[in-house]
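Thank you all for making time this morning.

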Amino acid sequence: MSGDERRLVIFGGPGSRAVTATYAGAGTRVLGYLNDTMPAGSDVHGLPVLGGFADWPGQPADVQFLAPLHKVKQMPARAALVERLGVPDDRWATLVDPRTAIAPDVHIGFSSHVGAFAHIQPGSRLGRHVGVRGSVFIGHDCNIGDHVFLGAQAFCGGYARIGEGAHIGPCASIRENIAVGRFAVIGMGAVVVVDVPEYTIVAGNPARPIGEIAPLAGTEQSEV
Amino acid sequence: MSGDERRLVIFGGPGSRAVTATYAGAGTRVLGYLNDTMPAGSDVHGLPVLGGFADWPGQPADVQFLAPLHKVKQMPARAALVERLGVPDDRWATLVDPRTAIAPDVHIGFSSHVGAFAHIQPGSRLGRHVGVRGSVFIGHDCNIGDHVFLGAQAFCGGYARIGEGAHIGPCASIRENIAVGRFAVIGMGAVVVVDVPEYTIVAGNPARPIGEIAPLAGTEQSEV
Amino acid sequence: MSGDERRLVIFGGPGSRAVTATYAGAGTRVLGYLNDTMPAGSDVHGLPVLGGFADWPGQPADVQFLAPLHKVKQMPARAALVERLGVPDDRWATLVDPRTAIAPDVHIGFSSHVGAFAHIQPGSRLGRHVGVRGSVFIGHDCNIGDHVFLGAQAFCGGYARIGEGAHIGPCASIRENIAVGRFAVIGMGAVVVVDVPEYTIVAGNPARPIGEIAPLAGTEQSEV
């Protein structure tokens, strides 16, 4: 409410509250959610739904937004959805937990979030709308594309390149110098030692292809 | 010794000191151990054995207790042992390392401990006598039963349900929405993507059954 | 520059800056690098190359050194190289991130480094020139030999013994009581449940031998 407090509105709902409740530190207050499947006024664990996605222009001018809408196997549609919202660049918040080890020269794009006890080593660049969950380790000189999701405890070795909208499951590990293609899905706990083509699902130790992502995957809008 | 200091006595011995030495923060002092296999007066790395398990009523009234007696494949007997001690609910301590990321609405039952750099996301509930070791990640809306043990770096996805006395090995990962049955054992590094029946041992990536736990497993009382 | 500030010079180069940039805390300043493949005066992300390895005696007497020269499959030669430098014991620095959970009785040898959010439990001993990266978990009563490298998020259970120069990949887990032989290599994400002989490479879940390290591996000096 005061001029020093950052005010956030989140595109999402119950599933997104994990991000906001644990990552938003002192000086940041979440006002509520924008959600297309729950009516305005609905309660999301103590915070209100303020309207639908299209209602963001009705928020006060000082409010910033976050869209942690990552969903496994639906990222092509989710990324397109976020891009279509039309929120100006300077209205997106970037949420970085203060309990992180991030080298000074790391670049983090807007609307990204980084959870507690995560590491990002020198020379790495993260795009826009990237989700980095708790205890993730990103090695030096990595390139993490827009809309990428890294689940809790995931690991990327040095010089790894993760393509736009790829979904790295929790506890997965990506060897140094590996390239993961756009919208690829790395299963929970997968150990990735060779490059992963775009739209490919891999799992196991070592990780092997087990399926593909349709280019329009996730076009149905589901609860988030 | 002062009125502001919490004083603890631990059911256990050498193996338990890892918990007390690293989790007990400022304002908490461990007086010693109760142990049925080492005589009173024995030294456990600088702290004394104060008596056997049955001697807890002899401790001063302000002393609180912790029973980190989890042992893989012996949890049916260990859980029964802890329940038989007869310690009143309000004499159990709960030990949470201050260097943790725990959402405000999380419930943690008494006599549980949570190690450094652990995460517990919104909406999750932990039972009594639960051991959560360092860097564990518990997702949102999980239900963790009494006497569960989660080894270091273990991961539980959102809405996971872990039954009473289950033992989740270090570095194991449990996919969201998965149910792990009572007294099941998840091997170190196992990647669990389907429900695990009670008393079942699983291991591997993906995890597969490799054995069973006898319902009376661990009835011999071994050093802890 | 002031008497209270610790000044470091690093044997290494671009790959080593991840260590220095993220582990060196307040009160420590890195002056630059000693490197045998880049000419003096070269820029390493804002810090200068000050000379070759043999030039260390030319540094001011208050300067301390660190040699994070660990490289997978080249550790026999790398360990020998570090030992040959002839730096006196009291000129080596030990670099421990303040955001760690290390039991009071842990011993860490000189020229070792420990990254953020790492755990070392009671009774464990680390040798000289050991690299412990971010979020590593070392259980109680472990014995970690000289020149060992533990990649990010690696796990060692209680009483594990890791031989000289062994390389434990990121996200690998070593079961309690396991012995890993000298110069063995544990692959990223490997789950080690049986002892590993010296000079042996293992990978997978469970880990199995996939190759060997030559006793003179890494004798060519490559960029670090």
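Predicted model: local features only at pLDDT ≥ 70, side-chain atom pairs only at ≥ 80, totals over all residues.

Where the two meet, 14 residues of domain 1 of chain A are in contact with 14 residues of domain 2 of chain A. On the domain 1 side of that contact, the elements that give two or more residues are α1 (17–23) and α2 (75–84) of chain A, and the largest share, 4 residues, comes from α2(A). Sorted by class, that side of domain 1 of chain A has 10 nonpolar, 2 polar and 2 charged residues.

Staying with helix α2, but moving to chain C, the buried residues of α2 (residues 75–84) are C:Met75, C:Pro76, C:Ala77, C:Arg78, C:Ala79 and C:Val82. Among the things that cover these buried residues of α2(C) is β18 (167–168) of chain C. Just after α2(C), C:Gly86 takes a positive phi of about 80 degrees.

Now to how the chains are arranged. Chain B is superposed on chain C by a rotation of 120 degrees with 0.0 Å of shift along its axis, at an RMSD of 0.0 Å, and that is the relation of a three-fold axis. For chain B on chain A, the superposition likewise takes a rotation of 120 degrees with 0.0 Å of shift along its axis, with an RMSD of 0.0 Å. The contact between chain B and chain C takes 18 residues from chain B and 17 residues from chain C, and the side of chain B that touches chain C has, by class, 8 nonpolar, 8 polar and 2 charged residues.

Two loop positions deserve a careful look. A:Pro122 lies in the loop between β10 (119–120) and β11 (125–126) of chain A, and because A:Pro122 has 22 C-beta neighbours inside 10 Å, this residue counts as buried. Although A:Pro122 and A:Val106 are 16 residues apart in sequence, their C-alpha atoms are 5.9 Å apart in space.

The other position, B:Gly157, is in the loop between β16 (155–156) and β17 (161–162) of chain B. Is B:Gly157 buried or exposed? B:Gly157 has 26 C-beta neighbours inside 10 Å, and therefore counts as buried. Leaving out residues up to four places away in sequence, B:Gly157 touches B:Gly139, B:Ile174, B:Arg175 and B:Glu176, and also A:Pro170 from chain A. Between B:Gly157 and B:Arg175, 18 residues apart in sequence, the C-alpha to C-alpha separation is 5.0 Å.

Finally, the core. In soluble globular proteins, nonpolar side chains tend to be buried together. Here the largest nonpolar core has 199 residues, of which A:Ile186, B:Ile186 and C:Ile186 touch the most other members. Setting aside neighbours within four places in sequence, C:Ile186 is in contact with C:His167, C:Ile168, C:Gly169, C:Ala172, C:Val180, C:Val192, C:Val196, C:Val202 and C:Ala207.

Methods. Residues numbered from 1 in each chain as written. Chains lettered and ligands numbered in written order. Buried ≥ 20, exposed ≤ 12 C-beta atoms within 10 Å, placed from the backbone. Contact = placed C-beta atoms within 7 Å. Least-squares fit on C-alpha atoms with pLDDT ≥ 70 in both. Nonpolar A, V, L, I, M, F, W, Y, C, P; charged D, E, K, R; others polar. Core = buried A, V, L, I, M, F, W, Y, C linked by C-beta atoms within 7 Å.
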